[in-house]
Amino acid sequence: MNPLYPLLSRIVPADRAAMARAQARQAQLTKPAGALGDLETLSVRLAGVFGSEQPAPQGAAVLVAAGDHGVAQDSVSAYPPEVTPAMVMNFLTETRAGPGGAAVNVLARTLGARVYVMDAGVDAELPTHPALHRAALYQGEQRRGTRNLRFEAAMSPEETYALILAGAALARRAIEDGADFIVPGEMGIGNTTPAAAITARLLGLDAAEVTGRGTGVDDERLAHKVGVVREALGRSPVTDPIAVLAEFGGFEIAAMLGMMLETAAQRRVIVLDGFVEGSAALVGTALCPQMGDYLFPAGHCAERGHAVQLAHLGLKPMFDLGLRLGEGSGGVLALPLLRAAAATLREMQTFEEAGVPG
Ligand SMILES: O=C(O)c1ccc[n+]([C@@H]2O[C@H](COP(=O)([O-])O)[C@@H](O)[C@H]2O)c1
Ligand SMILES: Cc1cc2nc[nH]c2cc1C
């Protein structure tokens, strides 16, 4: 049996009747018709997720999965692979302001989201820390970093399934802790290369159309990176979504896919951050189109290939701040907009209640 079958079979479409009631309610609220713009669309989609025309989502969590990549030895990033474990320590360190000194920690602290960090296969001996979650090991060793997708499959099928299920388990934990919004996030030097390969294969595009500068590579490195993605795609003809993920993917991308599937299965909101997160979302909707009902893209991301991912998903981002960080940082920034959208349905008066002539 497909090890994902029990998870996939729990994902049902959003509640269309609740969405229709929310749409009708938006029309009665005290504002000119349509005047809340995209907040109205978001509020109706949230009604579908929570099965209520007055959705009341509570907690939020950002789940940052970290992994290393064989291809990072291949000059595809502007930074060395040692940054990945160093940033994991930065996510966990105590600072004067509180736990964690990275952008995602600060944004989450500012906006009231809880941060969970996951070692999905980082190439370093990380110390035990109460806030550091290890990927559940399948029978055998968890490798520290994937193989180089340019020459061979990045992950085995067993590793791929193990990481998907580990990501699902962490999302389950965060939901048990009270999260109704799950923001999958990632850290992994080199990971815009696997994300580009996955996106190119699943959308049938050329490497050059979806390969961007990541951490900021120059023109020469970008041309080399496009060549690496093209070689990887030329090496393997796979099109099955899980095979594509295993062949070109990353441990943290597989973990984020698991987080997304579990969040959809539990009818909570998946707040979608950038391009690397988008590659996991493409695998998810290829496996299970209904997962798209639970996806809420945060901001437009400056990475080449992000716009085409969202166009394929048929979803519009909420803002454009030129972000290209990852970590789930953009997703955390979207939380106030999503909360505000739900609050309009719950708390605004109707024309009739307020005695305003409609
Ligand atoms: O997800 C994105 O949109 C995104 C865009 C550019 C960079 N990143 C982050 O930068 C790293 C990947 O960039 P690179 O150049 O090493 O492939 C990784 O740690 C990601 O979190 C992430
Ligand atoms: C410093 C640094 C922080 C990051 N956070 C996500 N990707 C990153 C890449 C670098 C290089």
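**Figure 1. Strand 1 and its two partners.** Strand 1 and strand 6 run parallel and are joined by eight bridges; two strands count as paired if DSSP finds at least two bridges between them. This is a predicted model, where local features need pLDDT of at least 70 and side-chain atom pairs count only at pLDDT 80 or more, while totals for chains, interfaces and linings use all residues. Residues are numbered from 1 along each chain as its sequence is written, and chains are lettered from A and ligands numbered from 1 in the order in which they are written. Helices (H or I, at least four residues) and strands (E, at least two) are DSSP runs, numbered from the N terminus. Look for A65, whose bridge partner in strand 6 is E186. Strand 1 also runs parallel to strand 4, with six bridges joining them, and here V62 has V115 as its bridge partner. Strand 1 is mostly covered, with seven of its eight residues buried. Buried means that 20 or more other C-beta atoms lie within 10 Å of a residue's own; 12 or fewer makes it exposed, anything in between partly exposed, and C-beta atoms are placed from the backbone.

Figure 2. Strand 4 (residues 114-119) pairs with strand 5 in the parallel sense over three bridges, and M118 stands opposite H133 in strand 5. Further along the sheet, strand 6 and strand 7 (residues 269-272) pair in the parallel sense over two bridges. In that pair, I182 has I270 of strand 7 as its bridge partner. Strand 6 is mostly covered: nine of its nine residues are buried.

**Figure 3. L63 and the nonpolar core.** The largest nonpolar core has 114 residues, and those with the most contacts inside it are L63, V64, M118, I182, A255 and V271. A core of this kind is a set of buried Ala, Val, Leu, Ile, Met, Phe, Trp, Tyr and Cys residues joined through C-beta atoms within 7 Å. Centre the view on L63 and, leaving aside neighbours within four places in sequence, its contacts include Y116, M118, L170, I182 and M259. Contact means that the C-beta atoms of two residues, placed from the backbone, lie within 7 Å.

**Figure 4. Helix 5 and what it packs on.** Helix 5 (residues 103-111) has V104, N105, L107 and A108 buried. These buried residues pack against strand 1 (59-66), helix 4 (83-92), strand 3 (98-99), strand 4, strand 6 and helix 14 (329-347). Just after the helix, G112 takes a positive phi of about 80°.

**Figure 5. I253 in helix 11.** I253 lies in helix 11 (residues 251-265). It counts as buried because 33 other C-beta atoms lie within 10 Å. Not counting residues up to four places away in sequence, I253 touches N191, P194, A195, L245, V276, S279 and A280. G167 is 86 residues from I253 in sequence, yet the two are 9.4 Å apart in space, C-alpha to C-alpha.

**Figure 6. The shell around ligand 1.** There are 23 residues around ligand 1, and S77, T192, G214, G274 and G326 come nearest. Strand 6 (179-187), helix 7 (192-203) and helix 12 (275-287) are the elements that give two or more residues to this shell. Helix 12 gives the most, with three residues. A residue is near a molecule if its C-beta atom, placed from the backbone, lies within 6 Å of it. By class, the shell has eight nonpolar, 10 polar and five charged residues. Ala, Val, Leu, Ile, Met, Phe, Trp, Tyr, Cys and Pro count as nonpolar, Asp, Glu, Lys and Arg as charged, and the others, Gly among them, as polar.

Figure 7. Ligand 2 is surrounded by Y79, V83, M87, M187, T215, L325, G326 and E327, a shell of five nonpolar, two polar and one charged residue. E327 has a positive phi of about 70° although it is not a glycine, and sits in the loop between strand 10 (319-323) and helix 14. E327 counts as buried because it has 28 C-beta neighbours inside 10 Å. S75, in the loop between strand 1 and helix 4, also has a positive phi, near 55°. S75 counts as partly exposed, with 14 C-beta neighbours inside 10 Å.
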